[in-house]
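Dear colleague,

I am passing on the structure below, together with notes on what came out of going through it. Please read the notes with the coordinates open beside them.

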Amino acid sequence: MIEVKGLVKKFGEFTAVNKVDLSIKGGEIYGFLGPNGAGKTTTIRMLTGTLNPTEGDIRILDKDIRKDDIQIKSEIGVVPDEPKMYENLRGFEYVEFIMGIYKVDKTEAKKRLDEICEAFDIDFLNDYIGDYSHGMKQKLMVATVLMRKPKVIFLDEPTVGLDAKSAKILKMLIQKYRDEGSTIFLTTHILEIAEKMCDRIGIIKDGSIIAQGTMEELRSKSTQHNRSLEDIFLELTGDEEIDNIVKEL
Amino acid sequence: MSDLSLLLKYSFKNKVRPAKNKKGVSKASKPITTVIQYLLPAVIFGMTIAPVMFITMKDLNIPMQSLGIDSSYSFLDIIFSLNFLGMGIMFFMNYSPSIIMNLYDSEMTQAFLTMPIKKSTIFWAGSIDSLLMTGLPLGMLLPIAVVYAIIMKANIFLSILAIVGFVIVLLGISMLGGILMSFFMSRTSAKRFTMFAYFGSIILYVFAANYFNPSNFNSGNVEVIAQTFKNALGFILNPVFPHTWMINSTKGNLWSLIILFGAGILLFCFTYFLSQKLDFSISGKKAKKSKKITFKTGRFPLIKKDLKLSFRDSQTLFLLIYPAVLPVIFFFAGNTKGSSLGVMSSLMFSAIAAFYAAYLAIMMLAEETKIWPVPKLYPIKTRTLVSNKVNIPFAIFMIEYILIVLLLTVISGFSFVNIISILPMGVILYYSSLLGARLFLKNPKREVKQKNFLSGKEVFELEGATMGVAFGVFFLLNFFSTVKNRPFWIFVGREWLIYLVFIGVPILLIGLTVLGIFKELKKIKVLIENWE
């Protein structure tokens, strides 16, 4: 579903993403982790066609993103790190716009949207988006992506701003979609979520993938025999001196 | 007090982005520079309007009794009270919602609430800050009040007290209005109301300037005009209006002065009392629950969305309707007649619409960059996204111009020049829209949170190119028949020169503009490829 080879992104002299290779199958949740500024969002932006790679090949759903970007975009769903939407539209108008621009089957999408709205307590579609809180925007963004039931879903920090109930529902929905054959590409700073939900995890630091595999494979890479993802992550990203830092503070 | 000055200091600092000097070092301007920048338009307006008002109104201090009307007021009182009333309403309409915007739309308000600062201090800082940005009507009102006192030869001390009292009452009413509005207005409706009020008042002002032209009020017409106003006297100088208290106080009525200050103090006390109770929770208000929503999908979702956004943003709406409204005001104000009506209309429309078409394209593109890179996720070509922003202003202004030409035909009769002018107008408008889009795409990552996202140089470039071409073409075209019928200067006896200058030059300019269109299209294509 997602095949990436030798992906590089340079901004002038700075290399944000350096020779990243990924291979993610259908029916898999892939957790993409890394410290702030490691290159997670830049990678997602290239995979979703909003940023042109400097080098490398990206194939999504067996299509080349350079040649078939429009076709790919119509078949994937993206929840970006910030739920940015047109503030002068009402919620339901944004839904209509998304239905129109993605040419979705109205009846089926409406049925699914009703269910999602019910689940996420979305009862504010008559209001202007400009009056929404961050959480309300995030819910609407998630709803408009999931109502299309895309084959590949990219989620950049999807639980930020969501209340506990909505976050739980989202996690369960992601697992349900995985079971139905969708590919989920997920970034999060909440390592417990990644540990519990993801089938495989990739850790990026300074633009390069430093570890990749299942939880067991990652544990085997830990020289300090760490068990939890948090400890493995901190060991691999070189932030193991946290205790000393806290003591000095 | 120190909290208040601290909040204001950093609010003013935050309004101006530090400019880089030649060495690339950022140099932040001082807060006082920002204050001066905001006050400057009011000062310039005051310095311009005051002498004009004085000269045109100085002979109008004619008691109504001398015109046979039983009233203690003079003709001057009526004219000035119209100004005071109008500007007072204008000030209230601008200032009240802008307080809500300033306090409730600001991310900083929530941060301030977590700090050891009184809620009332946050409110007063927001109110003073808003006053700077929307205080233009007040700045316009002050010199007019001074001119009134000078013409009335009123007591200086009483006049100053009356003006100060009036300003206090206006501020009090508006602040209280702001607080009360916050109880039922949402953040979006407050934003929209602020902009509508602002541009609505500009259109009203232009309209009023055409209807209530000071030149109409010369002393020869006083009796006729006074008779017209006789019936309205009870309303304009009604004792419930604060400006009536000010006028009475200026004339020496101490009771009016006491009422003025009493009302002002009461309003401020009440505002202070309510400001302590504010919860700044406007964004939590909801509209009706969306139980039964019928989704309407159809063709052209992008165009529908762009049109909705354009007609909902009051600044964009203003840009869309103003070029058409202005000629219509001229049609009905009756100051211009006959063939000159067509000349004035096409000249005005072309110059304004050309610039606005470019600016609209820029503003519509800015709407996309506000949520960037989300629009890049849509399954459409970026080229489609951009071409809509060029085509929509072009199409709307073309429809407006065709309607104006039709209206002109109805009012002044058929004119071949008017009909044929649709073609060059189309070329100019399309070129302007493209130019605006290209200028924006040169730096799509520019700051778009504030409305002034073009640099001074870019505005100059845009105005020069769009208005220059429009004026060049339509000025010459419109004066062709005038010069042909009554040749002057070097055109006497040289008909070929008349054709060369008044027909040839516009055709050449249009030809160059068409070439410019192709050039801009090529540049935009490259810029789109690099836009990520």
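Leaving aside neighbours within four places in sequence, which residues is Tyr95(B) in contact with? They are Ser130(B), Leu131(B), Thr134(B) and Ser174(B), where contact means that the C-beta atoms of two residues, placed from the backbone, lie within 7 Å.

Before going further, please note that this is a predicted model, in which local features need pLDDT of at least 70 and side-chain atom pairs count only at pLDDT 80 or more, whereas totals for chains, interfaces and linings use all residues. Residues are numbered from 1 along each chain as its sequence is written, and chains are lettered from A and ligands numbered from 1 in the order in which they are written.

To stay with Tyr95(B), its place is in helix H3 of chain B, helices being DSSP runs of H or I of at least four residues and strands runs of E of at least two, numbered from the N terminus. Tyr95(B) is buried, with 26 other C-beta atoms within 10 Å; a residue counts as buried at 20 or more such atoms, as exposed at 12 or fewer, and as partly exposed in between, with C-beta atoms placed from the backbone. Although 35 residues separate Tyr95(B) from Ser130(B) in sequence, their C-alpha atoms are 6.8 Å apart in space.

Helix H3 (residues 75–104) of chain B packs against helix H5 (residues 119–134) of chain B at an angle of about 125°, with the axes 9 Å apart; the axes are lines fitted to C-alpha atoms over the stretch in contact, and angles run from 0 to 180 degrees between N-to-C directions. That angle makes H3(B) oblique to H5(B), since angles under 35 degrees count as roughly parallel, over 145 as roughly antiparallel, 65 to 115 as roughly perpendicular and the rest as oblique. On the H3(B) side the residues that meet H5(B) include Asn94(B), Tyr95(B) and Ser98(B), and on the H5(B) side Phe123(B), Ser130(B) and Leu131(B) are among the partners.

Also in chain B, nine of the nine residues of helix H11 (residues 242–250) are buried, so H11(B) is largely enclosed by the rest of the structure. The cover over these buried residues includes H3, helix H6 (136–152), helix H7 (156–182) and helix H12 (254–277) of chain B. After H11(B) comes Gly252(B), whose phi is positive, near 105°.

Chain A has ten helices and ten strands, and 47% of its 249 residues count as buried.

Finally, the contact between the chains takes 32 residues from chain B and 36 residues from chain A. The largest share of the side of chain B that touches chain A, six residues, comes from H13(B).

With best regards
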